[in-house]
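Reader: I want to learn how to read strand pairing and sheet order. Could you walk me through a case?

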Amino acid sequence: AEMPDGRLLMVLRANQGTSPEFRGRHKWYSISDDGGMRWSAPEPWMYTDGSRVCSASNISRLFRHSNGTLYWLGNVSPTLPDDGGDGNSPRHPLVVGRVDPESLLLDKESLFTIDKREDADLESLQLSNFTLYEDRHTGEFVLRLVRWDGRCAWLGGETDASAYRYRIQP
């Protein structure tokens, strides 16, 4: 995402199961001051309060609303212990929050939960397969999300991967 002062912000995922230096299950970020020719060394992405953005290795998205605010959409968790797993789970809840234009960090106070795992959902629920756009007429974010239960139908049994549409007022 390009910032008003010309800096570029990139938020990265890392599969913590492949490299010991990536343990800790959080997002990473890098900044370019020269239009993307060179990037800073990746560092753990933080909230503006100084705590790490705990998030498994999954896709997230930076997007700018027509009001000029930069938002981040992705999965976060209160804590993600280093349990030796592959680092790809959990993929819930799904949240949106503002990026501070000065520090390029995520404003924890602005986080809004779009969807989360309910008691009836499996722990393997994935809220990470989405598309997003801004409705030009209403200014709302329109999010299309596959709420996949995480089961693999090709391994036998039933699975649920229903698609939902959310309209979110920024």
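Author: The model is predicted. β4 and strand β5 (residues 70-75) run antiparallel and are joined by 4 bridges.

Reader: How many bridges does a pairing need to count here?

Author: At least two bridges must be found by DSSP between the strands. With 4 bridges, β4 and β5 pair.

Reader: Which residue is the bridge partner of Arg 64 in β5?

Author: Leu 70 is that partner.

Reader: Now the whole sheet. What is the strand order around β4 and β5?

Author: Read it as β4-β5-β6-β7. These 4 strands make an open sheet with antiparallel pairing. β4 (61-64) and β7 (112-115) are the edge strands, and each pairs on one side only. From one strand to the next, the twist averages 25°.

Reader: Which strands form the sheet that contains β9?

Author: It has 3 strands, ordered β8-β9-β10. This sheet is open too, and its pairing is antiparallel.

Reader: Why is one side of β8 and of β10 left without a neighbour in the sheet?

Author: β8 (126-134) and β10 (161-168) each have a single partner strand, so one side of each has no neighbour in the sheet. Both stand at the edges. Ignoring direction, neighbouring strands of this sheet are turned by 20° against each other on average.

Reader: How many bridges join β8 and β9?

Author: The antiparallel pairing of β8 with strand β9 (residues 141-148) extends over 7 bridges. For a residue to look up, take Gln 126: opposite this residue stands Trp 148 in β9.

Conventions. Residues are numbered from 1 along each chain as its sequence is written. This is a predicted model: local features need pLDDT of at least 70, side-chain atom pairs count only at pLDDT 80 or more; totals for chains, interfaces and linings use all residues. Side-chain values use heavy atoms; hydrogens and water are left out. Helices (H or I, at least four residues) and strands (E, at least two) are DSSP runs, numbered from the N terminus. Axes are lines fitted to C-alpha atoms, for helices over the stretch in contact, and angles run from 0 to 180 degrees between N-to-C directions.
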